[in-house]
Amino acid sequence: MIFEIKGKPQGKARARTFYDNRIGKMRSVTPERTKSYEELIRWSFVSQGGKYGGHSASFRVEISARYEVPRSWSKKKRTAALSGEILPQVKPDCDNVVKTVLDALNGVAYNDDRQVVYVACRKKYAEEGSILVKIEEM
């Protein structure tokens, strides 16, 4: 199955860890922005026809993070970026995009992201920012 998440690609933000005096222990909290983005990924998967793959299946995931070409670039540079001659070396890093997508699909596409046995990620320029995800059972 292939599905798209519209908007600028986002990476997984680090959880904030702090000592909670009320419970007397360390506590970690995922930032709200990351939670919202993971919800968008889940919604995109389900709304575009995604089905749960089960507890024991293995999965292959390919991710294409597409970044919008900066408006300040000349027509020549813009054309080069859209044709793939210039590749984005911008944040977020591929590993953070992958982590966000795989974590968001836990319990929706598969039971746990440990079932994903192959991952590929690439970054490229496009007219609009988005993430294209191809997930298939192996």
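User: In β6, which residue is the bridge partner of Arg 66?

Analyst: Ser 130 in β6 is the partner of Arg 66. This is a predicted model, so local features need pLDDT of at least 70 and side-chain atom pairs count only at pLDDT 80 or more, while totals for chains, interfaces and linings use all residues. Residues are numbered from 1 along each chain as its sequence is written, and side-chain values use heavy atoms, with hydrogens and water left out.

User: What makes β4 and β6 a pair?

Analyst: Two strands pair if DSSP finds at least two bridges between them. Between β4 (residues 59–68) and β6 (residues 130–137) there are eight bridges, and the strands run antiparallel, so they pass that test. Another of those links sets Ala 65 against Ile 131 of β6. In general, strands of a sheet pair through backbone hydrogen bonds, either parallel or antiparallel.

User: What counts as a strand or a helix here, and how many does the protein have?

Analyst: Both are DSSP runs numbered from the N terminus: helices are H or I with at least four residues, strands are E with at least two. By that count there are three helices and six strands, and along the sequence they come as β-β-β-α-β-α-α-β-β.

User: In what order do the strands of the four-stranded sheet sit, and which ones are its edges?

Analyst: The order is β1-β6-β4-β5, in an open sheet with mixed pairing. β1 (2–6) and β5 (116–126) are called edge strands because each pairs on one side only. Neighbouring strands are turned by 15 degrees against each other on average, ignoring direction. Helix α1 (residues 32–47) packs on this sheet and touches β1 and β6, with its direction at about 140 degrees to that of β1. Those angles run from 0 to 180 degrees between N-to-C directions, using axes fitted to C-alpha atoms, for helices over the stretch in contact.

User: Why is α1 called oblique to α3?

Analyst: The two helices pack at an angle of about 60 degrees, and their axes are 9 Å apart. That angle makes α1 oblique to α3, because under 35 degrees counts as roughly parallel, over 145 as roughly antiparallel, 65 to 115 as roughly perpendicular, and the rest as oblique.

User: Which hand does the crossing of α1 and α3 have, and which residues make the contact?

Analyst: On the α1 side the contact uses Tyr 37, Glu 38, Ile 41 and Arg 42, and on the α3 side Thr 100, Val 101, Asp 103 and Ala 104. These residues divide into four nonpolar, one polar and three charged. The classes are Ala, Val, Leu, Ile, Met, Phe, Trp, Tyr, Cys and Pro as nonpolar, Asp, Glu, Lys and Arg as charged, and the others, Gly among them, as polar. Contact itself means heavy atoms within 4.5 Å.

User: Is Glu 38 buried or exposed, and what makes it so?

Analyst: Buried means under 20% relative accessible area, exposed over 50%, and partly exposed in between (1.4 Å probe, protein chains only). Glu 38 has 9%, so it is buried. This α1 residue touches Lys 12, Thr 100, Asp 103 and Ala 104, leaving aside neighbours within four places in sequence.

User: What are Lys 134 and Leu 40 called on that scale, and why?

Analyst: Both are partly exposed, because Lys 134 has 33% and Leu 40 has 32%. Lys 134 lies in β6 and, beyond its neighbours within four places, contacts Met 1, Ile 2, Arg 60, Val 61 and Glu 62. Leu 40 belongs to α1 and touches Ile 5 and Lys 6, with residues up to four places away not counted.

User: Which residues of α3 are buried, and what covers them?

Analyst: In α3 (residues 94–104) they are Val 97, Val 98, Thr 100, Val 101, Leu 102, Asp 103 and Ala 104. Their cover includes α1, β4, β5 and β6. Of the protein's 138 residues, 36% count as buried.

User: What makes the bond from Lys 91 to Pro 92 cis?

Analyst: Its omega is near 0 degrees. Pro 92 sits in the loop between α2 (75–82) and α3. In general, most peptide bonds are trans.
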